[in-house]
Amino acid sequence: MTATALASKVGLTVAPCHRRLRDLESSGVIRGYRADIDPAAVGLGFEAIVFVTLKQVERTIMAEFEERVTASPNIVEAQRLFGSPDYLLKVIAADLPAYQRFYDDELAALPAVERLTSTLVMKNLKTNIGPPV
């Protein structure tokens with residue numbers, strides 16, 4: 001949405017709207033802007049949710065695990081959880097064979113992994129909408 005359209009929608013003129021946007025950006029409320037790319041449109045239409053349980057939960061192991069997860073372009077979301085499992089990962093791939101290769105070559109090779117449980121995404125109903133404001 002353009003600043004002009006946003007200003008109109010919230011009942012401001014463009015200059016105050018720009019000022020408020022800059023304030024929200026500098027305070028960290030707005031963390032950035034990005035293109036919303038459809039993974040299927042770029043050949044990555046296969047999605048899996050992967051639950052990861054670690055053999056041991058130790059600070060150095062978790063740090064190495066998290067570093068490798070954040071470095072992987074196929075892992076598009078990752079959360080550390082309370083309880084079991086320890087992590088939830090959202091993985092994208094071209095298709096099932098590509099996911100199997102990623103699973104065998106990268107996920108299974110992550111440090112201290114005890115168990116990987118994959119659930120395949122049938123349909124996305126709601127994605128990346130942000131918090132309610």
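Helices (H or I, at least four residues) and strands (E, at least two) are DSSP runs, numbered from the N terminus. The model is predicted: local features need pLDDT of at least 70, side-chain atom pairs count only at pLDDT 80 or more, and totals for chains, interfaces and linings use all residues. Residues are numbered from 1 along each chain as its sequence is written, and side-chain values use heavy atoms, with hydrogens and water left out.

**Exercise 1. Overall architecture**

Task: State the order of helices and strands along the chain, and compare the radius of gyration of the chain with that of a compact globule of 133 residues.

Solution: 
- Step 1. The chain contains four helices and four strands.
- Step 2. Their order along the sequence is α-α-β-α-β-β-α-β.
- Step 3. The radius of gyration is taken over C-alpha atoms, and the globule rule is 2.2 Å times the number of residues to the power 0.38. For a compact globule of 133 residues the value would be near 14 Å, whereas the chain has 19 Å.
- Step 4. The C-alpha trace spans about 55 × 35 × 20 Å along its principal axes.

**Exercise 2. Strand pairing**

Solution: 
- Step 1. Two strands pair if DSSP finds at least two bridges between them.
- Step 2. Val 52 has Tyr 87 as its bridge partner in strand 3, and Glu 47 has Ile 92.
- Step 3. The hairpin of strand 2 and strand 3 has six residues between the strands, and in it Gly 83 takes a positive phi near 80 degrees.

**Exercise 3. Burial of the strands**

Solution: 
- Step 1. Buried means under 20% relative accessible area, exposed over 50%, and partly exposed in between (1.4 Å probe, protein chains only).
- Step 2. For the chain as a whole, 26% of the 133 residues count as buried.

**Exercise 4. Two residues and their surroundings**

Task: Classify Ser 72 and Glu 114 by accessibility, and list the contacts of Ser 72 and Glu 114.

Solution: 
- Step 1. A contact means heavy atoms within 4.5 Å; for both residues, positions up to four places away in sequence are not counted.
- Step 2. Ser 72 counts as buried because its relative accessibility is 6%. It touches Phe 102 and Glu 106.
- Step 3. Glu 114 belongs to strand 4. Its relative accessible area is 45%, so Glu 114 is partly exposed.
- Step 4. Glu 114 touches Thr 53, Leu 54 and Lys 55. Strand 4 (residues 113–120) pairs with strand 1 in the antiparallel sense over seven bridges, and Thr 53 stands opposite Arg 115 of strand 4.
- Step 5. Between the C-alpha atoms of Glu 114 and Ala 94, 20 residues apart along the chain, the separation is 26 Å.
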